Amino acid sequence: MHTKRFILMIEKQKNISSADPRPSVAEMLESIVGCKWSLRVLALARAGVNRPGAMEHAVEGLTAKVLNERLRKLTRYGILDKTVYPESPPRVEYRLTAFGRRFSALLDEIEQLEKLLGGVDDQ
C-alpha cells in the first residue's frame, strides 16, 4: 500500500515539475521568431505602443484573441510586464522587462544577419 502511494506522489511531482512556465532562451527565440504575430507585438512594445487596443489597431489582421494569446506568452516568458491600473474602465499596459530588452537585442542581431545575407551574391 505504501509503495503505491509513493509512486503516485512521484508521478504528481513529475507533472508539477514538467509544467515549468519558462522555457529556455533558445526555445523562446524559436517560438517568437517562428510566429509573425509575436514578432509584431514585440516590435510594437519596443516602439512604445503599450496598450492592447493601440496594438490591435496598429497591425492590420491582428485580432484581439491572437493579440491576447501573444501578450500572455510574452508575459509568461518574462519578456513583457503587464500593469493593470485600478480604473474604470480598467487600463492595461505592457512594457519590456530588463530581460525583454536583452532578448530584443537577439532579434536585432538576427535582423543584422538578414541584412548581411541579403547583400551577399549567390555564387
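**Helix α3 and its surroundings in a predicted model**

Helices α3 and α5 lie roughly perpendicular to each other, because their axes cross at roughly 75° and angles of 65 to 115 degrees count as roughly perpendicular. The model is a predicted one, and its protein chain holds six helices and two strands, which follow one another from the N terminus in the order α-α-α-α-α-β-β-α. Of the 123 residues in the protein chain, 25% are buried. Among contacts with a separation of 6 or more, 51% are accounted for by residues 24 or more positions apart.

**The crossing of α3 and α5**

- The axes of α3 and of α5, which covers residues 64–76, come within 10 Å of each other.
- On the α3 side of this meeting stand W37, S38, V41 and L42, and on the α5 side V66, L67, R70, L71, K73 and L74.
- S38, which has its place in helix α3, counts as buried because its relative accessibility is 0% and the cut-off for buried is under 20%.
- When neighbours within four places in sequence are left aside, S38 is in contact with I32, R70, K73 and L74.

**The buried side of α3**

- Helix α3 has W37, S38, V41, L42, L44 and A45 as its buried residues, and because they cover an arc of only 155° around the axis, they lie on the same side of α3.
- An α-helix has 3.6 residues a turn, so residues three or four places apart point the same way.
- The cover over the buried residues of α3 includes the helices α2, α4 (52–58), α5 and α6, together with the strands β1 and β2.
- After α3 comes G48, which has a positive phi, near 95°.

**The strand pair and L80**

- Strand β1, made up of residues 80–85, pairs with β2 in the antiparallel sense over six bridges, and a hairpin of five residues joins β1 to β2.
- Within this pairing, Y85 stands opposite R91 in β2.
- L80 is found in strand β1, and it is buried because its relative accessible area of 2% falls under the 20% cut-off.
- Apart from its neighbours within four places in sequence, L80 is in contact with A45, L71, L74 and T75, and also with Y94, R95, L96 and T97.
- L80 and E93 stand 13 residues apart in sequence, and their C-alpha atoms are 9.7 Å apart in space.

**Helix α6, its length and its two sides**

- Helix α6 has 22 residues, 98–119, and should therefore span 32 Å at 1.5 Å a residue, which agrees with the 32 Å between its end C-alpha atoms.
- The residues G100, F103, S104 and L107 of α6 are buried, and because they cover an arc of only 105° around the axis, they are on the same side of α6.
- On the other side of α6, the residues A98, R101, R102, E109, L113, L116 and G119 are exposed.
- The buried residues of α6 are covered by elements that include α2 (25–33), α3 (36–46) and β2 (91–96).

Note on methods. Residues numbered from 1 in each chain as written. Predicted model: local features only at pLDDT ≥ 70, side-chain atom pairs only at ≥ 80, totals over all residues. Heavy atoms only, no water. Helix = DSSP H or I, 4+ residues; strand = E, 2+ residues; numbered from the N terminus. Expected span 1.5 Å × (residues − 1). Buried < 20%, exposed > 50% of the residue type's maximum accessible area, 1.4 Å probe, protein only. Arc of directions from axis to C-beta. Contact = heavy atoms within 4.5 Å. Pairing = 2+ DSSP bridges. Axes fitted to C-alpha atoms, helices over the stretch in contact; angles between N-to-C directions. Parallel < 35°, antiparallel > 145°, perpendicular 65-115°, else oblique.
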